[in-house]
Amino acid sequence: MYQRPELQTIISRLQEPPHMIQVIMGARQVGKTTLIKQLLDTHTEPYHYASADAVPAGDSSWLRAIWEAARLRYVQNKTQSYLLVLDEVQKISNWSEEVKRLWDEDRFYDFNIKVVLLGSSRMLLQSGLSESLAGRFETMYLTHWTYTEIEAAFGLGADQYAWYGSYPGSMAFLEDEQRWKRYILDSLIEPSISRDILMLTRIDKPALLKNLFELACHYSGQIVSLNKMLGQLVDAGNTTTLSHYLQLLHSAGLLSGLENYTPSRVRQRASSPKLQVHNNALFSVMQSTSFQDARANLPLWGRVIESAIGAHLVNQSIKSGFKLYYWKDRNAEVDFVLERGDQLVALEVKSNLTRQHNGLAAFRKQYPHARTLLIDNRVLTWQEVLGSDPLTWF
């Protein structure tokens, strides 16, 4: 079974004394539980794994019961340490306060219990961590799989990766595209929205959230004003509501609304978002065509490529910490802008789209210190970009 690089990182961290809670975050179906199973298969000391997936949200006593059982086994086994893994912990109300209390008790009574928390709602996890567990944790964000990982694990080519995306569980259905689409819709999208957002966050207009998600996936890679989206959505309310819902979808690892790059943060936040899925399967599943037909449709395939590159950059920005934008000034446009400290990298994707690309020269004129990259089939190919670490571009 393929092992993601993060496995060795978490193994290394757990070999240290338990001075930090390990928190693994990531969207649904990116392999968090599989990663932990691989960890436990090689773990030599006693452990216990428990999931809060089916536990009532208000039952905070579940956490203490699981933790107390781990303490009992630690004492009875007389081992040097004991590993406790709690999955989907963000679904328990006031989970962070209870974890803080139990963790601090372990430190006081010298219980050598190591703790790993897993969760699929980054926003809710980070909120609890920052409010109650400051100084007691370190995080690891498990991104959607990269092209390099999917190629190594499943043998997919770049074209297939660009269309089918990178959900490992969907790889078994690639020979039957309709079955693949049903799997993405029913087993990935529906639980991500219904269980990771609607059940855990107050949403006044759930139908609007779902409609916004579908619309944004369809237009992935394109700049769409919030006012224009208001006109295409029923009962849309106002742009503030749409902006909030986009942030929730981002926190669930589904899609983002990239901002226009400008040194003025006020103008940046007021810009029209560039919609971008985190996994290109979410873009493709919203199209009415098949992989073969999309490959033959050059304008559509150009959108597929640009969205796939954007998905790669979004995931790497979350993992590596650089900021991701687009840039548009009058008629000049740059597809992606990466910012790391005072360093800038501008990327222009020249795929099979018919529009002219003159944005890099205009961007370089405004920001002479920026590095610029043109992605085409003559210099830097889109396949190379999907296999690259963006940190090497700075």
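**Note on cavities, a pocket and selected residues**

1. About 90 Å³ of space lies in the largest cavity of this model. The model is predicted, so local features need pLDDT of at least 70 and side-chain atom pairs count only at pLDDT 80 or more, while totals for chains, interfaces and linings use all residues. Residues are numbered from 1 along each chain as its sequence is written, and side-chain values use heavy atoms, with hydrogens and water left out.

2. On the terms: rolling a probe the size of a water molecule over the atoms shows where empty space is left. On a 1 Å grid over the protein atoms alone, a cavity is a set of points where a 1.4 Å probe fits but cannot get out, a pocket is an open set with protein on both sides within 12 Å along at least five of seven lines, and lining residues have an atom within 4 Å of a point. Grid points are joined across faces, edges and corners, and a volume is the space filled by probe spheres set on the points. The count comes to two cavities of 30 Å³ or more.

3. The lining of the largest cavity consists of 15 residues; nearest its centre lie Trp145, Tyr161, Ser166, Ala311 and His312. Two helices, H7 (158-164) and H15 (298-320), each supply at least two residues of this lining. Helices (H or I, at least four residues) and strands (E, at least two) are DSSP runs, numbered from the N terminus. H15 gives the most to the lining of the largest cavity, with five residues. By class, that lining has five nonpolar, 10 polar and no charged residues. Here Ala, Val, Leu, Ile, Met, Phe, Trp, Tyr, Cys and Pro count as nonpolar, Asp, Glu, Lys and Arg as charged, and the others, Gly among them, as polar.

4. The second largest cavity contains about 70 Å³ of space. Its lining is made up of Arg13, Leu14, Glu16, Pro17, Pro18, His19, Met20, Gln22, Lys114, Val115 and Glu138. Helix H1 (6-14) and strand E4 (113-119) are the elements that give two or more residues to this lining. Sorted by class, the lining of the second largest cavity has four charged, two polar and five nonpolar residues.

5. The second largest pocket has a volume of about 480 Å³. It is lined by 24 residues, and Gln29, Val30, Gly31, Lys32 and Thr34 lie nearest its centre. Two or more residues of the lining come from helix H2 (32-42) and from strand E2 (47-51). H2 gives the most, with five residues. The lining of the second largest pocket divides into 10 nonpolar, eight polar and six charged residues.

6. Gln29, listed above for the second largest pocket, lies in the loop between strand E1 (21-25) and H2. Its phi is near 65 degrees, a positive value in a residue other than glycine. Gln29 counts as partly exposed because its relative accessibility is 38%; buried means under 20% relative accessible area, exposed over 50%, and partly exposed in between (1.4 Å probe, protein chains only).

7. Two residues of the loop between strand E3 (82-87) and helix H4 (95-108) deserve a look. One of them is Asn94, whose phi is near 60 degrees, again a positive value in a residue other than glycine. At 55% relative accessibility, Asn94 counts as exposed. Gln90 also lies in the loop between E3 and H4, but at 5% relative accessibility Gln90 counts as buried. The side chain of Gln90 makes a polar contact with the side chain of Glu88, at 2.8 Å. A polar contact is a pair of N or O atoms within 3.5 Å; within protein, one must be able to donate a hydrogen and the other to accept it, and residues adjacent in sequence count only if both atoms are side-chain atoms.

8. In helix H6 (residues 147-154), Tyr147, Glu149 and Ile150 are the buried residues. They lie on the same side of H6 because they cover an arc of only 160 degrees around the axis, where the arc is that of the directions from the helix axis to the C-beta atoms. The elements that cover them include H1, H7 and helix H17 (382-386). Gly155 follows H6 and has a positive phi, near 75 degrees.

9. Ser317 sits in helix H15. With 12% relative accessibility, Ser317 counts as buried. A polar atom of the Ser317 side chain lies 2.6 Å from the backbone oxygen of Val314. Leaving aside its neighbours within four places in sequence, Ser317 is in contact with Phe322 and Leu324; contact means heavy atoms within 4.5 Å.
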